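Subject: Model for you to look at

Hello,

Here is the structure I promised to pass on. Please open it alongside this note; my findings follow below.

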Amino acid sequence: MAKTKTIYTCQNCGAQSPKWMGKCPDCNQWNSYVEESYAAPSGSAVTAVTPQLLHEIDPLKALHIPTKIAEFDRVLGGGFVPGSAVLIGGDPGIGKSTLLLHALKNIARLGKKVLYVSGEESAAQIKTRADRLGVAEKTLWVVTENNLENLLTLIKKEKPDIVAIDSVQTIYSQNLSSAPGTVSQVRESCGQLIAAAKTTGMTLFLVGHVTKEGAIAGPKVLEHMVDCVLYFESDSGHAFRIIRSVKNRFGAANEIGVFEMTGAGLREVANPSHLFLSERNQNSIGSVVAASLEGTRPLLLEIQALVTHSPLGTPRRTAIGIDTNRIALLVAVLEKIVGIQLFDQDIFVNIAGGIKISEPALDLGISLALYSSFRNMAVDPKMIFIGEVGLTGEVRAVSLIEPRLKEAAKLGFTKAVLPHGNTKSKFSVEGMELLPVKNLQECLHNIF
Ligand SMILES: Nc1ncnc2c1ncn2[C@@H]1O[C@H](COP(=O)(O)OP(=O)(O)OP(=O)(O)O)[C@@H](O)[C@H]1O
Ligand SMILES: [Mg+2]
């Protein structure tokens, strides 16, 4: 007879300990241990396993089922793959359930049997949202259930093509005594649901809550278990929603899709560069356009900088949409290599539109925006900047230069300042004058 005992589990990383601890030694989180019951495995039944020859295995007939939402299909790598599990996380109220319903509607329209499991909302609430979004498909089933065992029985009986769970933190297994949402419940529920998906070939779509820090709540192992992890994000005060794939076993990671939240649901933004540049004031001091790349998609962004004399002993360095350390580094390069004095200046940098970018190819654009603001001189509004800036002021080559330049040409830009290293192999972009630079000094000398 298996002996039941209790164990303490860290709700942040899933580490376990026989005793309660104030601070998790694995992830350094404070006060994250919760008591859970734990049944020791009772003996182990050994079964023989037979390996298969790799070349004899039939590959997945990877037929993506398209959601017909181009921006969503782009991050999924073409659509839902049968037998796979997709996890989407995002802040409360960002629009996870809305996106899910939009996608399920299109899939149901293809004649697929769709099951929407909601642990958070009543069937009537879902119907209200569906009416608002214009969802009236006849193969869309809804169930409000939190019990894992009941769900698995239902899935076995109904054999749906797609099961969407909103959200995984509300599902609990009656075999575990810990509360829904705890690490062991989430791990157990997901494990069993994913196993069901793999054996029956249904697609599993999981909605996950996020923690205060913005990561998907529950153990990190959850992100390893699923095939695709998506994050839905936005900056408060903006109607834009960005969906980003951080892991995808069937397509490129780091792909983004852009949406706008409206009364009738999420509207796709097919040309985000156009949107991000739409409110730009031409000839503004401290405003520069740079070409970034998210996944395989080029994105033109307006970088705004404000450099102003500081009354404070320690001047302010504030950045929105970009890492402050990156700004500190570029400010140091401008001081040391270019020779301008910024130590007594307040510095603010903003990526217009509320998007967050970590790509170093924006460095040249940021440096130019800072310099433009400091010197009170505007840069040519038809010019774009691409390049990573190193600590010695050198401008380093970036990947995939041509799609960035083509996107810029499409939006009416005529001159591009780019790293010299990217022009080693000859290429040209119609309507675009290329101005290669080796370092920051050369760039500033040519522009101002
Ligand atoms: N009647 C409405 N008109 C316009 N927008 C609405 C309306 N109702 C809801 N919304 C928008 O939809 C958003 C909520 O979307 P949704 O319920 O899909 O979010 P969620 O991410 O599933 O939230 P939760 O974490 O609470 O489940 C709201 O923040 C709001 O912006
Ligand atoms: Mg929801």
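A nonpolar core, as the term is used here, is a set of buried Ala, Val, Leu, Ile, Met, Phe, Trp, Tyr and Cys residues joined through C-beta atoms within 7 Å. Please keep in mind that this is a predicted model.

**The core**

The largest nonpolar core has 107 residues. V86, L104, L206, L370 and I386 have the most contacts inside it. Where does this core lie? Domain 2 (63–270) and domain 3 (275–447) both contribute residues, so the core lies between them. In soluble globular proteins, nonpolar side chains tend to be buried together.

Take L104 as a way in. Setting aside its neighbours within four places in sequence, L104 is in contact with V114, Y116, L140, I162 and A164.

**The chain as a whole**

The chain has 448 residues, and 39% of them count as buried. Its secondary structure comes to 11 helices and 21 strands. Along the principal axes, the C-alpha atoms fill a box of roughly 80 × 50 × 50 Å. Consider the contacts between residues at least 6 apart in sequence: 66% of them join residues at least 24 apart.

One pair shows distance in both senses. H55 and V379 are 324 residues apart in sequence, and their C-alpha atoms are 59 Å apart in space. H55 sits in the loop between β3 and α1 (70–76). H55 is exposed, because 5 other C-beta atoms lie within 10 Å and the cut-off for exposed is 12 or fewer.

**Domains**

The domain assignment gives domain 1 (4–39), domain 2 (63–270) and domain 3 (275–447). The centres of domain 1 and domain 2, taken over C-alpha atoms, are separated by 28 Å. Their contact takes 7 residues from domain 1 and 9 residues from domain 2. On the domain 1 side, strand β3 (residues 33–39) gives the most, with 3 residues. That side divides into 2 nonpolar, 4 polar and 1 charged.

**Ligand 1 and helix α2**

What surrounds ligand 1? The shell consists of G90, P92, G93, I94, G95, K96, S97, T98, E120, R132, M261 and G263. By class, the shell has 3 nonpolar, 6 polar and 3 charged residues. Helix α2 (residues 96–109) supplies the largest share, 3 residues.

Helix α2 deserves a look of its own. It is mostly covered: 12 of its 14 residues are buried. Among them are K96 and S97, and also L104. Does the length of α2 agree or disagree with its residue count? At 1.5 Å a residue, the 14 residues should span 20 Å; the end C-alpha atoms are 20 Å apart, which agrees. After α2 comes G111, whose phi is positive, near 95 degrees.

**Backbone points to check**

Most residues other than glycine have a negative phi, and most peptide bonds are trans.

- The peptide bond from D166 to S167 is cis, with omega near 0 degrees. S167 is in the loop between β7 (162–166) and α5 (183–200).
- N31 has a positive phi, near 55 degrees. N31 lies in the loop between β2 (16–17) and β3. With 13 other C-beta atoms within 10 Å, N31 is partly exposed.
- N376 also has a positive phi, near 60 degrees. N376 is in the loop between α9 (363–375) and β17 (383–385). N376 counts as exposed, with 9 C-beta neighbours inside 10 Å.

**A buried loop residue**

Is I171 buried or exposed? I171 counts as buried, because it has 25 C-beta neighbours inside 10 Å and the cut-off is 20 or more. I171 is found in the loop between β7 and α5. Leaving aside its neighbours within four places in sequence, I171 is in contact with G119, N146, L148, I165, P180 and S189. I171 and V117 are 54 residues apart in sequence and 9.7 Å apart in space, C-alpha to C-alpha.

Over to you.

Best wishes

Terms used:
Residues are numbered from 1 along each chain as its sequence is written. Chains are lettered from A and ligands numbered from 1 in the order in which they are written. This is a predicted model: local features need pLDDT of at least 70, side-chain atom pairs count only at pLDDT 80 or more; totals for chains, interfaces and linings use all residues. Helices (H or I, at least four residues) and strands (E, at least two) are DSSP runs, numbered from the N terminus. Two residues are in contact if their C-beta atoms, placed from the backbone, lie within 7 Å. A residue is near a molecule or strand if its C-beta atom, placed from the backbone, lies within 6 Å of it. Ala, Val, Leu, Ile, Met, Phe, Trp, Tyr, Cys and Pro count as nonpolar, Asp, Glu, Lys and Arg as charged, and the others, Gly among them, as polar. Domain bounds come from an automatic or database domain assignment. The expected span of a helix is 1.5 Å times one less than its number of residues.
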